[in-house]
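Q: I'm new to this structure and would like to learn how to read it. Can you take me through some features, one at a time?

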Amino acid sequence: MTFSRRKFIKAAGLTTMSGILLNQSGIASERVWSLNNKTLKIGLIGCGGRGTAAAMEALNADPNVILYAMADAFQDHIDESHKTLTEKMGQKIQVAKENRFVGLDAYQKLLATDVDVVLLAAPPAFRPSHLEASVNAGKHVFCEKPFAVDAPGLRRVIAASKKSKEKNLALVAGFCWRYHLPKRETFSRVLNGQIGKVLSSESTYNTGELWYKERQAGWSDFEYQLRNWLYYNWLSGDHIIEQAIHSIDMLQWAMGDQLPIQVTGSGGRQKRTDPKFGNIYDHFALVYEYPNGSKSYFSSRQQSNTAPSYMVELVGDQGKCLVDCRTGEHSITGKTPWKFADETKFTDENAYKKSNSRSMYQQEHDELFGSIRKNKPINDGEWMVKSNLVALAGRMAAYSGQTVTLDAALASNETLSPAAFSWDLKYNLPIAIPGIDTKI
């Protein structure tokens, strides 16, 4: 029987087989890594800071993987990312110049190569098309959150995630807390009834302000916006979807990924009002209502010199559960008290070195590549899109000032992103005003 390289990777798992070194003539100066039938080739789409870190974690997840191709809208992103990764990962960086793709269609060129796994880390507006194309090309995927900035985009992601499962492809979501041991231990207890029926809950994501890039000579309007993508809701989804979705995802996890019925709330721009901050809000406050009658109170804020908070607290009829991402506390009080002894603080970059916990970012990739090797690919598609929908409905409620059902949010035909992207694109959406912009 003759196995193609891809069939081998899908079917053989970790079974032993002598490697067959590929002919590397003509490119020896750049490719000194000994490729063999079990080498997994990685393609990185979106070479900013998060994408570069994800590539490093992917390369650390398995001894026989290489970074083979890179794609980004900007040459300087690729150059900087390639330099950083080469310094950190040495010979595992095997990206020939012909496999460094630049431009808005760079992802298509990368997917045309024979990479096995792709890391999707471009701005969120591109995620639906990048995920669709990756699945159609038969690639295993690490998909950074969020997955869509509007409902039409999310419906495409839902379809793509189902297709990936049908094709036996891995799809791991960038909801990193789901891969964090202390939270796995804590939320499993909640789901097993240790605090009884959840009556109410609170989640927060209150932080400071983020980076901004001054406009440079020669940048078109679109390039300026794309380099500052987080401030434009048609590129990022607004900060409730782009960042605060982590807290919403933890809440959803604790609620058994059951969708709320509806959400009501508010939001706006109090402090970050300069036009350079695009059209996004700097705060949200929402109340989600679940089918069992419980309510969840959510708030997020991106304002400097304000009190920080990044936690989930659940109140049950037999106890309380607190998960605090800043202090590292994971505890249950009440009828059956419990506390996770290893307080790994997310805010302490050296915490993982002192604890038994694996970095959640590394754990994501360890499990992704382990599942590929075992031919039992992880697929997070079913629950990851639910958390995205809950965040999306919350933004709709705040923007419109209306109570929004989850069914209506998913059925919405409001499209934030333009039909096509080009370097001469001139595109702006107004700042949403509740009670006036009531469309969802």
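A: We'll start with two terms: helices (H or I, at least four residues) and strands (E, at least two) are DSSP runs, numbered from the N terminus, and two strands pair if DSSP finds at least two bridges between them. Keep in mind that this is a predicted model, where local features need pLDDT of at least 70, side-chain atom pairs count only at pLDDT 80 or more, and totals for chains, interfaces and linings use all residues. Residues are numbered from 1 along each chain as its sequence is written, and side-chain values use heavy atoms, with hydrogens and water left out.

Q: How many residues sit between strand 13 and strand 14 in their hairpin?
A: Three residues separate them. Strand 13 and strand 14 (residues 338-339) run antiparallel, joined by two bridges, and Ile332 stands opposite Trp338 in strand 14.

Q: And what do strand 12 and strand 13 form?
A: Another hairpin, with five residues between the strands, and Gly328 in its turn has a positive phi of about 85°. Strand 12 (residues 319-324) and strand 13 (residues 330-334) are antiparallel, with five bridges joining them. Gly319 has Gly334 of strand 13 as its bridge partner.

Q: What is the strand order in the open sheet of six strands?
A: Read across, the order is 3-2-1-4-5-6, and the pairing is parallel. Strand 3 (100-102) and strand 6 (171-173) are the edges, each pairing on one side only. From one strand to the next, the twist averages 20°. For angles like these, axes are lines fitted to C-alpha atoms, for helices over the stretch in contact, and angles run from 0 to 180 degrees between N-to-C directions.

Q: Which strands does helix 5 touch?
A: Contact here means heavy atoms within 4.5 Å. Helix 5 (residues 127-136) packs on the sheet and touches strand 1 (40-45), strand 4 (117-120), strand 5 (140-143) and strand 6, its direction making about 175° with that of strand 4. Helix 13 (residues 360-373) packs on the sheet too, touching strands 1, 2, 4, 5 and 6, at about 170° to the direction of strand 5.

Q: How is a pair of aromatic rings described?
A: By the distance of the centres and the angle of the planes. Rings of Phe, Tyr and Trp (its six-membered ring) pair if their centres lie within 6.5 Å; planes under 30 degrees apart count as stacked, over 60 as edge-to-face and the rest as tilted. The count here comes to 19 aromatic pairs. One of them, Trp211 with Trp229, is edge-to-face, at 6.5 Å centre to centre and 65° between the planes. Those two are 18 residues apart: Trp211 is in the loop between strand 7 (198-207) and helix 8 (221-227), Trp229 in the loop between helix 8 and helix 9 (233-236).
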